[in-house]
Amino acid sequence: MLTIAGSDSSGGAGIQADIKTATALGVFATSAITAITAQNTTGVQAIFDLGGEIVAEEIRSVMTDISPDAVKIGMVSSPEIIKIIGEELAGYKGPVVLDPVMVATSGSPLLRDEAMESLKTVLFPLATLLTPNIPEAELLTGMKIESAADQEKAAKALYDAYGASALVKGGHGTGRAADVFYDGNIHIFEKPMLDNPNTHGTGCTLSSAIASYLALGLDEAKAVEEAKNYVYDAIADGLDLGRGRGPINHMVRRNK
């Protein structure tokens, strides 16, 4: 599995979370780093975008030698890098999971305003599966999402607009941990809400888990279901690090 995303210095999200997730699920992870962030459990202190040329070389080096069975795209904050990724993945035939990372769990913005349109026009058409959370889905669809029925409408709207399956993740204001997946049919994956504020990196982890399961040969709906189970276990483990909203335990399956 190839992950194209930003680096998280605290290790809870981004490239670090993706590699840990793939490893825990028995998948070999390769990576192309798009940005370096200085962040911890309290927020994002700084973001430095890498140049488009090195990002292109990273992707090309992997693609020409260790061809991935699935690709996950995470944090891409500049139009230049988005364009580069689009060019490098243009001929790729495998599944592409796109997590439209716009805001960190802490509330810090991770996507520049000028990159939003590039994300939708360049990368969304390449994706086979989109994984926005509720605030992100609201931004992308212009809809207010306050219920599972609204999640269904948003997932269908994304599917119709971009031709990609859509997973609208719950847990942001609906009072339950229900994720709604639409691939031409509605699938609802629900778990009990956990009393654990340490959820930094859950979105990155879920999307990379889906990509990992797709690399292992599962169909989309089953990959989403198994990824949700994995993230639930990682939150339920109760890891508690840092002074803010800490990370989940990516290695929960390996520790048992």
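These legends describe close-up views of a predicted model.

View 1. Nine strands make up an open sheet. Their order is β3-β2-β1-β4-β5-β6-β7-β8-β9, and the pairing is mixed. Strands of a sheet pair through backbone hydrogen bonds, in either a parallel or an antiparallel sense. The edge positions belong to β3 (43-49) and β9 (186-191). Each has a single partner strand, so one side of each lacks a neighbour in the sheet.

**View 2. The pairing of β7 with β8.** Strand β7 covers residues 165-168, and strand β8 covers residues 177-182. The two pair in the antiparallel sense, over three bridges. Ala 166 lies opposite Tyr 182 of β8.

**View 3. Helix α8 against the sheet.** Helix α8 (residues 220-236) packs on the sheet. The helix touches β6 (129-130), β7, β8 and β9. The directions of α8 and β9 make an angle of about 15 degrees. At 1.5 Å a residue, the 17 residues of α8 should span 24 Å. The end C-alpha atoms of α8 are 24 Å apart, which agrees.

**View 4. The buried residues of α8.** The buried residues of this helix are Ala 221, Ala 223, Val 224, Ala 227, Lys 228, Tyr 230, Val 231, Ala 234 and Ile 235. Their cover includes the strands β6, β7, β8 and β9. The helices α1 (14-24) and α7 (202-215) are also among the elements covering them.

**View 5. The two ends of α8.** At the start of α8, Asp 219 places a side-chain oxygen within 3.3 Å of the backbone nitrogen of Ala 221. Gly 238 follows α8. The phi of Gly 238 is positive, near 80 degrees.

Definitions and conventions. Residues are numbered from 1 along each chain as its sequence is written. This is a predicted model: local features need pLDDT of at least 70, side-chain atom pairs count only at pLDDT 80 or more; totals for chains, interfaces and linings use all residues. Side-chain values use heavy atoms; hydrogens and water are left out. Two strands pair if DSSP finds at least two bridges between them. Helices (H or I, at least four residues) and strands (E, at least two) are DSSP runs, numbered from the N terminus. Contact means heavy atoms within 4.5 Å. Axes are lines fitted to C-alpha atoms, for helices over the stretch in contact, and angles run from 0 to 180 degrees between N-to-C directions. The expected span of a helix is 1.5 Å times one less than its number of residues. Buried means under 20% relative accessible area, exposed over 50%, partly exposed in between (1.4 Å probe, protein chains only). A polar contact is a pair of N or O atoms within 3.5 Å; within protein, one must be able to donate a hydrogen and the other to accept it, and residues adjacent in sequence count only if both atoms are side-chain atoms.
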